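Colleague: I would like to learn how to read local geometry and packing in a model. Can we take it feature by feature?

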Amino acid sequence: MRTSAALVCLILSIACRAESPAGAAGLQVGLSHVRAGAEEQVAGETMRRYTFEPSAQPNVRFSPARPWPGEGELRVSVQNAMPWAVTLSIDIEGAAGAHLKATVGLPAGPPQTLVVPLHATSPRAFGMQAGPPMPVQLGGQRVLLATTVEGAPSLQAIRAVQLSIPAPQAAQVLLVGTPGAAAGDTLHDVYAGIVDRYGQYTRGQWPEKVHSDAALRSAHVRERAQLGGTPGDRGDGPPDGQTSAAGWFHTRKLRGRWQLVAPDGHPFFSLGVNAVAPDGGRSYVQGREWMFTGRPPATGAWQAFYGEDDSRRDTGAAGGLTYNHGRWFDFYAANLYRVDGVRWREAWRERTRQRLLAWGFNTLGDWSDETIARGHGLAYTRSINIAGDYANVATGYDWWGRMPDPFDPHFAAATERAVAKAAEGVREDRWLLGYFADNELAWASPGAQGRWALALGTLRGEPRSPAKQAFIAMLMRKYGDALRLGVAWGIGVTRWEALEQAGFQAPLPSEAHQAIAQDYSAWLRAYADRYFRTVAQALRRHDPHHLFLGGRFAVRTPEAVAACAQWCDVVSINVYADLPQHGMDLVALHQLDKPVLVSEFSFGSIDRGPFGAGPVAVWNEARRGEAYARFLAAAATDPAIVGAHWFQYADEPVSGRLLDGENAHFGLIGITDIPFAAFVRTVRNANASVRKTP
């Protein structure tokens, strides 16, 4: 039996687009997989109840009879009638197919005004990676601002506004008022005055927040009483006068398990903290002074906490970031001065050393003030920062910059200089655990085909690129004739000169042409071998005693990890996942039979001031502690993992750090140098459990 379309729509009303009665000023409302209820009076405003049914994208579409002006901001009252937060997507359609799109988290609770700026924007336009948490109270109103808007730079007019919930698994109920364009700059208002004189978020409240110098000093007095005297060696730390035959940190495999071994011969699971330094509170203030309240003048004693820098870089990390150069202020160091006066640096070092030992840590991770550690019961690490006038290769990811070209002779010379500088003054220091080389190089790029990014980037390079010439030479040795390569790769290449051209678009691997993946894999291994061999050989010349801890992998390929395992003493990987095994291929690492150091891990939340939660966000501060303990326990039980280093010691500035505007809460302490007591307590207990494990 055939059923008319009208009857189908009547039976399955949520599956067809329907039109609700015209709203104010002739506003047409279209529904797709949404049921409209009756109008209600909520907080003095007329709102309609909409039920978003389970489907791919149930939505409500508002179309004005005449286009609204495309300037200012879109405003609409919304209320989430569910007892949980709901993700709401907004699509604003302009003239000539232009669109602005935003996504917000709509919390349960009272109605609020949803505001969407009518132009593309993001927190990066304000010098930071994450924007203030929403909603906020502005002018007596509860405002939910879309701090990230993607799409057209601006709109000439608004033809429609669509609100949708992406793929709900059950019916979700929202109350929605009448949208409309309005003049105003809520975006500016949300960022205005967000940082107080101590570097804290002005609109937030949390247990460790301070409101006066007296309260700040009092908090430190209480902590000093709790810490007491300086703890001694914890029993599994670096040497205390006695040395084994090796005399230096080294690795061994015992009963199927890899271990670091301290110079005194004891097993040493490296419990570290990254970025233990007093200069992490620097944030640019020039040009955005209106974001800060009560900041000290750049005169007298306060002048020491001001400086100038330039973070403009041709990297993915710096892309689209404004307020990235000029004058900065160091909120963290200024707070240390408020507490301890002119001797703040010495006082900070002593206090930090006491804390780390009391909290169960035994290692200073990368980018730390090593004077805290040397001779005082803590191991430490050093970075080999290779820089120079050598060629590079773009992978298309290039978050921290392009890949160094290890086939360029200038790279070997730069490595020699960098290694000599890193080893200066520490060759005979038994507190030194070892060296890292560079940080999070772009060995790959995200995505399904990201593994091959370095091979594709090499062949895209200029004809004079040393890496490109080396890759072509490798292919010539295998295929002899370019025509054979063309057949194997499924491309119309008959002469080697075709590959030498700048911008050559090499093919992606495919099932039909498996030789492509084989050749790319061979090249990735050759590239990584050259890089790690160059560093390892230079390090053995300048410091034969200490460990080569690898290259702090982020994005990576199996080939790069295998090469690291061949040339390094330890494979270091920055792991941002709930558990180690979810952030790296432990099965493959076990097969390589090499010790592994988790050189970074962290968990963040947004309930302690800074706006970002880092790569692995948890719900709140309590969950941070639980996540730390769970991750560390899993790391300590894996037979390959020999340590885990937390990122990082102190929270980043609310307004963004100098390097890239990152402004996340994953510190053991806040910008005021006050520990997050509950989190630290859980960390201390977790560390103690690991250190007691045989």
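Colleague: Where does His 33 lie?

Modeller: First, the ground rules. This is a predicted model, in which local features need pLDDT of at least 70, side-chain atom pairs count only at pLDDT 80 or more, and totals for chains, interfaces and linings use all residues. Residues are numbered from 1 along each chain as its sequence is written, and side-chain values use heavy atoms, with hydrogens and water left out. Helices (H or I, at least four residues) and strands (E, at least two) are DSSP runs, numbered from the N terminus. His 33 sits in the loop between strand E2 (28-32) and strand E3 (34-42).

Colleague: What is phi of His 33 near?

Modeller: Start with the general idea: most residues other than glycine have a negative phi, and most peptide bonds are trans. For His 33, phi is near 60°, a positive value in a residue other than glycine. Asp 593 also has a positive phi, near 55°. Its place is the loop between helix H13 (586-592) and strand E30 (596-601).

Colleague: Which residue does a cis peptide bond join to Met 134?

Modeller: Pro 135, with omega about -5°. Pro 135 is in the loop between strand E10 (112-117) and strand E11 (136-138). Another cis bond runs from Phe 647 to Gln 648, with omega near 10°. Gln 648 belongs to the loop between strand E31 (641-646) and helix H15 (677-692).

Colleague: How many aromatic pairs does a search of the whole structure find?

Modeller: The rule is this: rings of Phe, Tyr and Trp (its six-membered ring) pair if their centres lie within 6.5 Å; planes under 30 degrees apart are stacked, over 60 edge-to-face, and the rest tilted. The search finds 39 pairs. One of them, Phe 292 with Phe 331, is stacked, at 5.8 Å centre to centre and 20° between the planes. Phe 292 lies in the loop between strand E20 (282-284) and strand E21 (306-310) and Phe 331 in helix H4 (residues 331-340), so the pair ties together parts 39 residues apart in sequence. Phe 292 is buried at 9%, and Phe 331 is buried at 2%. Trp 302 and Phe 305 form a tilted pair, with 6.1 Å between centres and 55° between planes. Phe 305 is buried at 4%.

Colleague: At what angle do helix H7 and helix H8 pack?

Modeller: Axes are lines fitted to C-alpha atoms, for helices over the stretch in contact, and angles run from 0 to 180 degrees between N-to-C directions. H7 (residues 453-460) and H8 (residues 466-479) pack at about 105°, with axes 8 Å apart. That makes H7 roughly perpendicular to H8 (65 to 115 degrees; under 35 is roughly parallel, over 145 roughly antiparallel, the rest oblique).

Colleague: Which residues in H7 meet H8?

Modeller: Contact means heavy atoms within 4.5 Å. Ala 455, Thr 458, Leu 459 and Arg 460 meet Ala 467, Lys 468, Phe 471 and Ile 472 in H8.

Methods. Buried < 20%, exposed > 50% of the residue type's maximum accessible area, 1.4 Å probe, protein only.
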